Amino acid sequence: MANRKLITEQDFQEAMDRQVHVRVFQDDQIVDSGVVIIRFTDTFIVTQSGVSDVTYHDRKGCEFFEMRKR
């Protein structure tokens with residue numbers, strides 16, 4: 001696996017459009033992994049891992065990485 005950090009609006013839009021799996025870090029800890037981005041704003045990134053498992057992540061307090069297969 002290779003990770004690509006998502007930073008720009010375009011990065012988040014592409015990840016959402018392609019429904020790639022994302023790993024989320026907060027305070028250097030993995031807080032979510034294998035989720036997809038279903039919505040984003042200037043403040044939050046909304047991820048989903050299942051039908052009813054939706055999580056809101058603070059955009060400034062977290063780092064987001066696209067999980068890619070090599």
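This is a predicted model: local features need pLDDT of at least 70, side-chain atom pairs count only at pLDDT 80 or more; totals for chains, interfaces and linings use all residues.
**Close-up 1. The largest nonpolar core.** Twelve residues form this core, among them Leu 6, Phe 12, Val 22, Ile 37 and Phe 64. Two or more residues come from each of α1 (9-18), β2 (22-26), β3 (29-40) and β6 (62-68), and β3 gives the most, with three residues. Leaving aside residues up to four places away in sequence, Leu 6 touches Asp 11, Phe 12, Ala 15, Val 22, Ile 37, Phe 64, Phe 65 and Glu 66.

**Close-up 2. Salt bridges around Arg 4.** Arg 4, Asp 11, Glu 14, Arg 18 and Glu 66 are linked in a network of salt bridges. The side chain of Arg 4 meets that of Glu 14 at 4.0 Å, N to O, a pair that links strand β1 (residues 2-6) to helix α1. Arg 4 also forms a salt bridge with Glu 66, where the closest N and O atoms are 2.8 Å apart; because Glu 66 lies in strand β6 and Arg 4 in strand β1, this pair ties together parts that are 62 residues apart in sequence. Glu 66 counts as buried, at 2% relative accessibility, whereas Arg 4 is partly exposed, at 21%.

**Close-up 3. The salt bridge between Glu 9 and Arg 59.** These side chains meet at 2.9 Å, N to O, and the pair links helix α1 to the loop between β5 (54-58) and β6, 50 residues apart.

Conventions
Residues are numbered from 1 along each chain as its sequence is written. Side-chain values use heavy atoms; hydrogens and water are left out. A nonpolar core is a set of buried Ala, Val, Leu, Ile, Met, Phe, Trp, Tyr and Cys residues joined through side-chain atoms within 4.5 Å. Buried means under 20% relative accessible area, exposed over 50%, partly exposed in between (1.4 Å probe, protein chains only). Helices (H or I, at least four residues) and strands (E, at least two) are DSSP runs, numbered from the N terminus. Contact means heavy atoms within 4.5 Å.
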